[in-house]
Amino acid sequence: MAKQLLGKEVTAAINEKIKRKTEELVQKGIQPTLGIIRVGENPSDISYEKGAAKRCETLGVACKKYLLPENVSQEELLSVIDEVNRNDEIHGVLMLRPLPKHLDQAVIENALDSRKDVDCMTDGSMSGVFTGKPIGFPPCTPQACMEILDYYGIDCTGKKAVVVGRSLVVGKPAAMMLLQKNATVTVCHTRTKDMPSVVREADIVIVAAGRAGVIDDTYLRPGQIVIDVGINVGEDGKLCGDVDYTKAEPIVEAITPVPGGVGSVTTSVLVGHVVEAAERTLL
Ligand code: NAP
């Protein structure tokens, strides 16, 4: 039976650090604050916003919401971004995406000051992930994967790591972060040949394909650490990952469950970025 790598344990450890740092900042007269920009009334955006706001509240981080109508113009949205850029009391900004189609998302994302880019939406932040320079912040989800590896004392040095998925939000930055941790990294995608044998070679597998159960027992072997980033709704209507948990769990050494794995860590990573952005204003 595999060891379960539980998001709640990692989250608890991150939250402790955030609370301590927040208290220190407040004593110095700085109230860490997240600005949330939401356009329209998409239910999944509202649900993510509520989760982030609740986590902020629990950890002593303030939240200021900018709620805009679905038909907001590009100019109006850019002026809100300009306002948060100039507002010294807002340290980090979460803008819920994707934006409605009439808006030029790339232009709007890159209008944010990368010092406040706690969700890695600017090219500046992404360049930081690839160059190792302290520009902006890395994306929260792959960082949550690294936090899980760190918390459970999984050393990546010299290990073979496979990332399934090459999106800019998860797969590619996860590969860079594993490289930073001295793993030897292979990235798989839909054109990869004989993926089961490639994945079986890995000591550490991070799966971010967005396909329920795409990784089953035929891809796995004993001794592997499996981090499942996927969030899907299975045929039974329940949440499930990209890894077939029932088939994987008896084989591998350790695995993150879905729900209860990476997803729960991601929000705390986001709030941690807000606090770090506030700390950077003291430098
Ligand atoms: P995405 O943009 O759709 O990218 C999926 C990637 O997986 C693509 O690179 C695709 O390859 C690859 N892929 C898809 N099916 C594959 C297959 N059968 N074999 C090999 N590679 C395959 O998805 P994403 O935004 O990275 O998200 C991935 C998953 O993570 C989703 O389930 C999403 O809901 C979840 N997610 C979770 C969190 C969290 O906090 N836990 C946050 C963000 C996303 P090609 O490039 O060749 O098409």
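## The nonpolar core

Let's start on the inside: the largest nonpolar core holds 50 residues, and those touching the most other members are Leu5, Leu34, Ile148, Leu149, Leu178, Ile206 and Ile227. Helix α10, which covers residues 262–280, gives this core its largest share, with 9 residues. In soluble globular proteins, nonpolar side chains tend to be buried together. Keep in mind as you explore that this is a predicted model.

Leaving aside residues up to four places away in sequence, Ile148 touches Leu5, Val10, Ile227, Thr256, Gly261, Val262 and Val265. Two of these partners, Leu5 and Ile227, are also named among the core residues that touch the most other members.

## The overall fold

Stepping back, you can find 10 helices and 11 strands in the chain. The radius of gyration is 19 Å, close to the 19 Å that the globule rule gives for 283 residues, so the chain is as compact as a globular protein of that length. Along the principal axes, the C-alpha atoms fill a box of roughly 50 × 45 × 35 Å.

How much of the chain counts as buried? The share is 48% of the 283 residues. Among contacts with a separation of 6 or more, 70% come from residues 24 or more positions apart.

Methods: Residues numbered from 1 in each chain as written. Predicted model: local features only at pLDDT ≥ 70, side-chain atom pairs only at ≥ 80, totals over all residues. Heavy atoms only, no water. Helix = DSSP H or I, 4+ residues; strand = E, 2+ residues; numbered from the N terminus. Rg over C-alpha atoms; globule rule 2.2 N^0.38 Å. Buried < 20%, exposed > 50% of the residue type's maximum accessible area, 1.4 Å probe, protein only. Contact = heavy atoms within 4.5 Å. Core = buried A, V, L, I, M, F, W, Y, C linked by side-chain atoms within 4.5 Å.
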